[in-house]
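Visitor: Could you walk me through this model and its ligand site? I'll ask as we go.

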Amino acid sequence: MRVITFGTFDVFHVGHLNILEHAKKLGEYMIVGVSSDQLTFEKKERYPVFGEDDRLRIIAALNCVDEAFIEKSLELKKEYIFQHQADILVMGDDWDGKFDHLNDCCKVVYLPRTPSISSSEIIEIVQKR
Ligand code: C2G
């Protein structure tokens with residue numbers, strides 16, 4: 001089974017690692033779409049701390065990741081799924097229900113987020129120091 005997931009993965013932390021490792025266990029081959037800087041701005045109204053090339057390198061270097069690419073638009077999920085021949089789409093449950101319409105091209109699974117950690121909170125803490 002080929003698993004695909006998407007995310008910004010800015011200021012990489014253990015919540016990111018948990019979901020990627022958990023997702024990989026659902027199949028054998030793991031593909032990750034890393035949001036471009038522009039897409040991150042559109043989603044979060046701020047640019048990421050780390051640029052897309054660095055974030056892509058970090059994700060691609062993980063043991064649980066077989067392939068990583070830049071995700072340019074939220075609207076292209078179907079194209080990315082077909083392009084990478086993914087059988088399962090994994091998303092964090094902060095996106096619960098948002099991608100159910102893709103169930104006709106692959107299985108959609110929402111995994112629970114790791115509590116009490118987020119890139120935005122880490123950025124806030126560092127800014128205050
Ligand atoms: N995540 C998690 N636990 C946390 C923080 C994040 O499980 N404490 C998960 C999110 O649910 C997501 C992944 O880690 O599945 C990446 O999180 P973000 O970088 O915040 O990604 P996001 O902006 O939600 O991008 O196409 C969809 C998007 O690109 C998803």
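Visitor: Which helices and strands each supply at least two residues of the lining of the largest pocket?

Guide: They are E1, H1, H2, E4 and helix H5 (119-128), where helices (H or I, at least four residues) and strands (E, at least two) are DSSP runs numbered from the N terminus. A pocket is an open set of points on a 1 Å grid over the protein atoms alone where a 1.4 Å probe fits, with protein on both sides within 12 Å along at least five of seven lines, and lining residues have an atom within 4 Å of a point. The model is predicted, with local features needing pLDDT of at least 70 and side-chain atom pairs 80 or more, while totals for chains, interfaces and linings use all residues. Residues are numbered from 1 along each chain, and side-chain values use heavy atoms, without hydrogens or water.

Visitor: What lies nearest the centre of that pocket?

Guide: Of the 29 lining residues, His16, Lys44, Asp94, Trp95 and Arg113 lie nearest the centre.

Visitor: And where does the ligand sit?

Guide: The ligand sits in the largest pocket, meaning that more than half of its atoms lie within 2 Å of the grid points.

Visitor: Which residues come nearest to the ligand?

Guide: There are 21 residues around the ligand (a heavy atom within 4 Å), and Lys43, Glu71, Lys77, Thr114 and Ile117 come nearest. Helix H1 (14-24) gives the most to this shell, with three residues, while strand E1 (2-7), helix H2 (37-44) and strand E4 (88-92) each supply at least two.
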